[in-house]
Structure formats: structure tokens, C-alpha cells
Amino acid sequence: MRYVERSTGTPLCAASTRSSLDNRTGSWRFARPVFVDRVSPCSQRCPAGEDVAGTLYLAGQGRYEDAWRLIMRENPFPAIMGRVCYHTCERSCNRVEHDEAVSIHCIERFLGDLALERDLRVGPLPEPSGKTAALVGAGPAGLSAAYFLRRLGHDTTVYDDMDRPGGLMRYGIPAYRLPLDVLDGEIGRLERMGIRFETGRTLGGDLDLDSLTAEHDAVFLAIGAHGERRLGLEGEDLRGVYRALGFLERVAEGDFPPAGRRVAVIGGGNSALDCARVSRRLGAEVAVYYRRSEAEMPAHAEEVAAARDEGVSFELLCAPAAILGESAVTGVRFSRMRLGRPDATGRCRPEPTGEEFEAECSAVILATGEFPDPELVPAEVCGPGGATQVDGFGRTRLDKLFAGGDLAPIQRTVTHAVGSGKRAAAAMDAFMRGTGPDRVETLFRWGPEGNVTLDLPGEAALFPRRNPEAQVVGYHALNPFYFERRPALEAVWVPPQDRLAGFEEVVRGADEEAVLREARRCFNCGSCTDCGNCFVFCPDVSIRKEPGGFGYEVNLDYCKGCGICVQECPRGAMTLSYPEGDA
Amino acid sequence: MRKVLTGNQAVAHAVLLAGVQVVAAYPITPQTSIIETLAGMQAEGRGDFEFIRVESEHSALSAVIGASMGGARAFTATSGQGLFLMHEMLHYASGARVPLVLANVNRAGAAPWSIWSDQTDSVSQRETGWIQLYCEGNQEVLDTTLMAFKIAESLRLPVMVVSDAFFLSHTSEPVEIPDPGEVGAFLPPFDPQDLWLDPEDPRTFGSIVMPDAYMEFRWLVQRDMERAKTVVTGVHEAFGRRFGRWYSQVETLETRDADVVVLCTGTVASTGRVAVERLRERGKRIGMVKVKTLRPFPAAPVIEALRGKGKVAVIDRNVSPGAQGVWAQEIKAALYDLPDTERPAVFDYIAGLGGRDISVATFEEVYERTSAADRPEDLDVWIGVHYAEPESAV
């Protein structure tokens with residue numbers, strides 16, 4: 001050293017003569033910091049198991065195409081999801097405890113639309129497996145299963161009895177919520193991947209389950225729930241009485257049913273509100289009649305609010321007693337209800353008060369629920385209420401036969417159907433390859449909801465998961481000091497008075513700047529984003545860059561286990577472990 | 001370039017010109033506008049430095065010690081209580097031989113709270129091993145800050161640049177901002193040589209040493225403080241030659257025939273210049289000595305300036321309770337070795353604490369009282385204190 005006093009041999013400042021690397025302070029350690037990939041609550045709650053933390057990280061870097069690809073690992077329909085998914089993710093977002101939930105759906109829609117605009121394709125397909133799979137039903141479950149099976153290398157054919165694929169996404173969801181070009185764009189992408197579509201083929205008609213099973217290595221049944229529940233009401237068959245799905249299907253085909261000036265919609269689910277909002281667009285005055293109170297309505301609150309904005313009135317605590325009219329509907333007689341004790345679903349059971357009233361109307365739409373048609377599935381797999389009995393991966397008791405979507409007992413949303421198709425695809429892949437359930441080793445389970453991530457070629461590297469742990473990160477596990485409080489991006493709605501002229505989309509897409517800002521609001525709970533806080537705070541210079549470039553590693557030769565890195569990790573992606581013996 | 005700058009802005013301009021690489025500071029009045037100006041400069045993209053926001057002055061100084069150990073030219077600024085909180089790390093910095101520069105804007109200590117000027121904060125850091133340079137005007141503040149880096153890096157000792165709260169920090173004066181190229185030639189980039197935290201060859205600095213070695217490190221600090229007396233003068237001269245502005249550790253004014261020499265520091269000297277002129281016009285034989293360095297204490301030039309003078313009146317804008325003003329103690333110690341015939345009597349006047357004004361009238365009072373007395377009225381005489389002891393306590 002130059003700063004050594006020759007006369008005394010003393011350095012100017014007390015400094016070790018040997019490298020301080022000789023002192024392996026790691027031997028002092030009894031606790032060890034570990035990088036973990038934990039589950040964010042949004043991903044846990046996502047019925048399709050999307051990697052929201054990773055997607056929003058990539059989007060926040062302006063890497064929109066990569067963000068889109070990360071969604072495509074879990075869900076083939078980002079543009080559709082950004083519009084119709086009821087985003088359970090946002091309700092569980094940790095940001096709720098900080099300021100407001102991240103507006104995940106706005107970002108997803110932006111990414112989906114960007115991919116359509118740029119005509120993005122998913123990565124190359126693997127070597128053909130030589131196996132063929134048949135998917136019956138071209139709704140979200142069948143299409144999702146077909147997509148994932150195709151990406152796993154299988155030959156896939158989707159059968160459907162309608163003229164065009166899409167199922168309820170095409171024939172049940174009105175175009176003002178899901179425009180046709182978006183739907184066609186995302187389904188068209190599946191066609192270009194080599195998925196065959198055989199439309200106009202009816203199960204039980206020109207399509208026979210036995211021969212399908214004989215011709216293919218696996219069959220997935222996802223024919224939905226189209227059985228109509230008769231209410232046993234007087235006048236149920238009068239002219240002007242419609243069933244919700246039939247009504248919406250005719251509207252989707254441009255064959256607007258004559259409904260007259262005053263429409264009564266009976267039911268409180270999302271289909272009821274779709275029928276009500278469509279009827280407003282057809283020029284009718286519309287009232288929704290529901291037998292419980294608003295709190296019990298199964299419809300999403302956002303749908304209820306939109307319907308109100310569009311002039312739909314709500315008549316609560318009333319159940320139809322009779323539909324009135326000679327040959328055509330002229331009105332409905334309702335029983336006034338009150339709420340009684342909670343039933344099996346936890347909602348209060350409606351009880352008649354004995355009071356009745358009549359409402360005039362020119363049409364009645366019954367939106368009181370549908371059930372799977374038990375005629376169309378083998379009796380051995382048919383369970384209570386007509387639902388097909390399956391395990392968590394869509395496996396039925398029958399060899400080769402898998403089922404999912406609304407046919408199975410799941411929540412009836414598009415996203416749940418996509419998740420159901422994805423899980424079935426994983427099980428079908430394992431079955432066809434003869435690897436047994438162990439093939440699920442390629443799957444990565446996301447927390448207790450049972451969602452799976454498929455290990456699709458290429459995409460895992462977009463946001464590496466090094467040490468996954470099936471533990472959900474709560475707000476308390478984060479370091480909120482690092483996150484400034486800012487309001488969420490709000491979706492912009494077309495003003496109600498401008499909506500009723502037609503079926504134009506009612507929610508506008510967000511622009512790039514707003515999306516980028518919103519994506520950066522994401523805490524990325526439980527995921528390392530390479531922020532470098534651990535590196536900055538380590539007093540022992542014992543955190544170093546991961547050789548691959550993204551993320552950090554702990555140098556255990558010197559780490560004393562003080563835990564500062566864990567404390568300062570903004571997003572709960574580190575933990576202190578206390579191993580027995582050597583830490 | 002000539003600009004109208006406050007003392008604090010002058011510090012910030014000097015820091016920018018010096019090419020400082022790391023700034024860490026915690027806001028405290030009256031220092032705050034130094035780091036605000038620096039933060040603003042950084043926000044405008046001027047100056048390539050890291051600005052570390054910290055949770056206290058103790059951390060601020062710790063952070064720049066780390067930065068300096070890592071080989072960066074580093075700077076911090078503080079005042080009053082902030083400097084008191086830094087005290088532990090002030091000792092550490094000199095012991096670790098980090099060539100930091102700290103701008104201290106003198107602020108009186110609490111309690112009771114005061115944000116105004118006196119020197120108690122800096123003089124009470126006398127034993128920390130820091131070089132302390134006191135400034136009279138805003139130009140001197142800018143120039144001294146630049147020189148401080150050169151002095152610190154030549155000696156591997158930290159330097160405190162001291163300026164008076166509000167009289168300098170918040171008062172604007174025309175200031176000449178030197179040309180960056182000239183500054184670069186005067187003050188080349190910091191070369192830590194081999195005394196720095198090299199990640200390729202990490203060493204432990206400042207760790208424990210046994211009794212058989214500790215004294216040697218203290219001796220080295222003391223030896224280099226002695227060397228500093230020459231180095232500071234050398235840097236003053238190098239600066240004067242390049243920029244045409246000359247500074248010295250001890251400056252004299254009209255002392256040749258003076259019967260009373262008033263010794264003062266900081267902005268008090270600028271008032272002193274006016275007072276000397278006015279009293280001289282009235283035939284009073286007053287002289288003045290301005291001292292710029294408290295540590296190392298420039299004993300030789302002080303002796304040279306005061307040898308054979310009859311009376312020296314020290315104006316101390318500080319007090320060491322139980323003794324007297326700190327400058328008076330220093331002067332007395334320096335003059336002790338003079339023979340009786342050449343040793344002046346030293347009168348100590350405590351004035352201007354907590355920002356109270358020291359005016360031309362103060363100088364007049366100091367001059368008159370000193371000329372009238374054969375010997376000091378007391379060890380320390382407090383100017384203008386409104387306090388009467390109760391009868392019973394007398």
C-alpha cells in the first residue's frame with residue numbers, strides 16, 4: 001500500500017493487510033435469506049391462473065409484446081378477458097389496502113388489442129405428438145383446451161353445433177360488451193395455429209360420442225349448460241315469452257325478436273342484465289324483476305350499475321306468479337317476497353308475503369338459469385343437476401373422456417371456463433402421452449385455487465420463476481414504504497345517452513401512457529423484479545447479481561443473515577429461513 | 001462569470017464546479033438551501049452526482065464517509081444540531097482519513113431553540129480532527145469550498161467550511177464564479193490512490209487495533225494537522241495565482257501602530273473593516289486581525305501578527321461555558337511562549353450569540369473598554385447582556 005508510513009510500518013488509516021475476503025463471515029449466520037417466488041393474491045384468485053405480477057412487470061417496462069406472451073401462456077384470449085372477465089384479481093389486489101386496486105383488466109385489454117393490431121402470434125409449436133384430440137363445444141372451455149393441446153403438440157379438432165365458433169362468447173355476450181372483431185380476431189389466431197373447426201355438427205345428431213372416442217386419443221366435452229328450467233307458470237308458453245339464452249342468440253344473429261315497448265326481465269344474474277340492456281337498445285322500456293334484494297343478485301355490480309345508467313329499472317323482492325295474456329303476453333302477476341333465513345348458498349331465502357301485484361308488459365324474458373342437458377352425456381358421468389362429474393383436471397370416470405366448462409360444476413364465467421379447459425388440456429396431454437398423472441410435473445401449481453401454469457416452450461424465460469413457493473403474499477409481507485399512493489386508472493365509459501343507439505362497445509380502451517403508468521402501480525407481489533434494493537442495502541456486500549442477469553443471489557460465504565435484504569424487499573420476494581444446523 | 005448569490009448558493013456552485021460525485025445531506029435551517037440548490041441543479045441535469053437522501057445528519061455523514069472510502073469526491077452540509085448529531089462520525093471521518101468537505105452554516109445550539117448564527121456548533125467540534133476554515137463573505141465561501149477539496153485530498157483529512165447563518169447563508173452578494181476549466185486545472189479529479197474500498201481487493205478499514213498501535217494512528221493525524229498549516233498556505237497561494245483572489249490563515253489590518261488589536265473571525269471581520277476605518281478617522285489607533293483557520297490553529301502567524309502589541313481584544317461569537325471564548329483560549333495559548341515584554345494582554349469579549357448583531361458600535365465599545373483598562377475586567381466580558389443579579393444573590 002502506498003499509504004504506509006515507512007518509518008513506522010503503519011498505514012495512514014487502520015486497514016487490513018490481507019484481503020477481507022479471508023474472513024468468511026457467513027459462519028456467523030443462523031438465518032439465511034432466500035429468494036422466493038410467492039403467489040400474488042391476484043394470480044391466486046385468477047380462474048385462469050394468469051401471472052399478473054409478471055405480466056404487469058413486463059408491461060411496466062414497456063415490453064408489451066412480452067407481457068402479452070406471458071398472458072398467452074395461461075389464457076388464449078387477453079383482448080376478450082380485458083372486456084368480459086369480472087376481474088376477481090382486482091378485488092383481491094393488495095393495493096386495495098394501500099390506495100386502490102390496480103386496474104388489471106384495462107392493462108390486459110390494452111395488451112390484447114395491441115396483439116390483434118400487430119397480428120402477433122404465439123411461439124413455434126413443438127414436434128407433433130402424433131396424438132389427436134377432439135373438443136366438443138367451441139365455447140371458451142373447448143377453445144381453451146384446444147389451444148393448450150395444440151401448443152403441446154397435439155392434433156386438435158373442435159366441433160360445435162352453431163355456425164361459428166365462440167359459444168356463449170359469441171351467442172351469449174352482447175356485442176356492446178365484446179365486439180365481434182375482437183372475438184373473431186382471437187379465435188382466428190387459434191385457426192391459424194392449425195386448430196381445425198367443424199361447425200354445424202350437433203352432438204346426438206350427426207356427431208356421435210362413441211365414434212369420436214374411437215377416432216381420437218382423447219375427447220373433451222364442453223357443450224355448456226343449455227337445458228331450460230321451466231318455472232311451471234301459467235302463461236309460460238305465450239307468444240312474447242323468451243328464454244334468456246335463446247333471446248341473446250337471436251340478437252347475436254341479427255334476428256331481433258319482437259319484444260314490443262315494455263319488457264319484463266325475470267332473474268338477477270348477468271344474463272338477465274344482458275337481456276335487459278339489449279332490450280333497451282331495441283327501444284323498449286325495461287324492468288328487471290328479482291326475487292331477493294340487490295345484495296343477493298348474482299350479477300356483477302358493474303353490470304347492475306351499467307344497466308341502471310342505461311335506464312333499466314329494478315323491481316326487487318318479487319317472484320313471478322303467472323304470466324298474463326290471451327295468446328300474447330300482456331303482463332305478469334308477481335308475488336311480493338321478503339327475505340327469510342339463509343339457504344345453502346348463504347343468501348337469504350325469499351319467502352312470499354302473500355301480497356301480489358301486476359305489471360303490464362309486451363314481452364317477458366326468463367333469465368332464471370340453465371342446467372347442463374343430461375341427455376347428451378353418458379349416464380355414468382352424469383351427476384346431480386345434470387353436471388358432469390369431473391376431478392380438478394377435468395377427468396371423468398371414463399377412459400379418454402374429459403369434460404369442463406359450464407357442463408361441469410364450476411362458476412359460470414368465461415374465465416372459469418378458460419381455466420377449466422387449460423387444466424383439462426394438461427390432464428389430456430398426460431393421458432395421451434401415457435405419462436400418467438406424473439406429467440403434471442410440467443405444471444406449476446399456483447396456490448390453493450388449483451390453477452396451473454403450463455410449461456410452454458419459450459415463455460417461461462420471459463419472467464423467470466426460480467424458487468416457486470405456494471404461499472400467497474398479503475399486504476403485511478410487503479414494504480409499502482417503497483410505493484407512493486396514487487389513484488387507479490379508471491375505465492372510460494361511453495356516456496349512457498350515447499350507448500342506446502346500437503351495439504357499439506360501451507367501455508373505451510386506455511391509451512399507452514395511462515397503461516404504462518397503471519402497470520407501474522403494480523406491487524408485483526411475491527416476484528423479484530430485479531429492483532436491486534437487496535443489493536443496495538446489504539451491509540456485507542453479500543448480495544450479487546444473478547449470473548444470468550435478472551435477479552440477485554446471496555453469497556453465503558459472507559452473508560451474516562442479518563435480514564436487512566428481506567426487510568427491504570419491497571415485494572415480499574425474499575424470506576428468512578432458519579434451517580436446522582448449518583444456515 | 002459574475003452572479004448575485006447567497007452564501008448557500010455559492011457553496012452549491014462550488015460543489016458543482018468541484019465535480020463532486022456524491023452528496024448526502026439532511027435538511028436543517030439555515031443550511032437547507034445549499035442542498036436544495038444542489039438538488040435543483042441535479043434535477044436540471046447539471047452535475048453528475050448521486051444525491052442520497054437520508055434520515056438524519058448522522059446517516060448523511062456516514063453515507064459520504066462510505067462514498068469517500070469508495071473513492072468518490074463527496075460532500076455534505078449541515079448546521080447547529082445537525083452538526084452535533086454528526087459528532088460521532090466527525091471523529092470517525094478523520095480517523096478513517098476520508099477527505100470529505102462539509103459546509104457548516106453556523107447556527108446556535110438548543111435549548112433554547114435558535115436558528116441564528118453563532119460558532120458554538122463548529123468550535124465544539126474542535127477536537128474531532130477536522131480542518132476548519134471560517135469565511136467572511138460569499139466570494140470567500142465559494143473560493144474556500146473549492147480550496148477545501150484540494151486541502152482535504154492532499155492531506156487525507158476532512159475539511160469543514162464554516163459560514164455564518166443568514167449573514168452569509170441568506171444574504172446575496174455579487175460573486176465571481178470561476179471558469180470550470182480553470183477549476184479543473186486547479187482541482188483535478190480525486191485520486192484515492194490505494195486507500196479505498198476496492199471491490200476487486202476488499203480490505204477492512206478502521207477495524208479494531210490494539211493498544212500497541214492505536215497511538216500511532218492518532219500521532220499520524222496530529223502530524224498531518226501540523227503539515228496542514230503549510231498545505232493550507234500552499235493552496236491559498238496556488239488559488240491566488242490562478243484566480244487572483246488571495247486568502248491567508250491570518251490577515252492583519254492597520255496593526256502596525258495599533259494600541260488595541262481586535263481579533264475576529266467570519267463576518268465579524270467585515271464589520272471590523274468598517275469599524276477600523278471609522279475609528280481611525282477619529283484618531284483612534286485600532287487595528288484588526290482576522291483568523292481563518294481554527295484547526296490547525298495558525299499559531300506562528302498569529303504570534304507574528306500580535307508580537308509586541310499592547311492589547312488584543314478578541315471578539316468571540318461563541319463560549320465555552322466555565323472557561324471563556326474559544327478563540328481567546330487559542331490566542332492566549334499561542335502567545336504564552338512570548339517573553340513578557342512582547343506578550344500582549346488578551347481581553348475576551350463574548351458577543352453576538354444566537355444571531356445578535358455585532359455592529360460598528362460593538363467594535364467601538366470593545367475598543368474603548370480595552371483602551372481604558374490596564375488589565376481585563378474579567379476572564380470574559382459579555383457585550384450587551386441585559387441581566388441583573390438579584391440583590392440577595394450578589
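Which residues of α9(B) are buried? Keep in mind that this is a predicted model. The buried set is B:V268, B:A269, B:T271, B:G272, B:A275, B:V276 and B:L279. Looking down the axis of α9(B), you'd find these buried residues within an arc of 140 degrees, so they line one face of the helix.

**Helix α9 of chain B**
- α9 runs over residues 268-281 of chain B, which makes 14 residues.
- From first C-alpha to last, α9 of chain B reaches 20 Å, close to the 20 Å expected at 1.5 Å a residue.
- On the face turned away from the buried side, α9(B) carries the exposed residues B:V274 and B:E281.
- Just past the end of α9(B) sits B:G283, with a positive phi of about 85 degrees.

**What covers the buried side**
- Strands β9 (250-253), β10 (260-264), β11 (286-291) and β13 (311-316) of chain B are among the elements covering the buried residues of α9(B).
- Helix α12 (360-372) of chain B is also part of that cover.

- Contact between them involves 27 residues of domain 1 of chain B and 19 residues of domain 2 of chain B.
- On the domain 1 side of that contact in chain B, α5 (120-123), β6 (131-134) and α8 (211-243) each supply at least two residues.
- The largest share of that side, five residues, comes from α8(B).
- By type, the residues on the domain 1 side in chain B are 15 nonpolar, six polar and six charged.

How values were computed:
Residues numbered from 1 in each chain as written. Chains lettered and ligands numbered in written order. Predicted model: local features only at pLDDT ≥ 70, side-chain atom pairs only at ≥ 80, totals over all residues. Helix = DSSP H or I, 4+ residues; strand = E, 2+ residues; numbered from the N terminus. Expected span 1.5 Å × (residues − 1). Buried ≥ 20, exposed ≤ 12 C-beta atoms within 10 Å, placed from the backbone. Arc of directions from axis to C-beta. Contact = placed C-beta atoms within 7 Å. Nonpolar A, V, L, I, M, F, W, Y, C, P; charged D, E, K, R; others polar.
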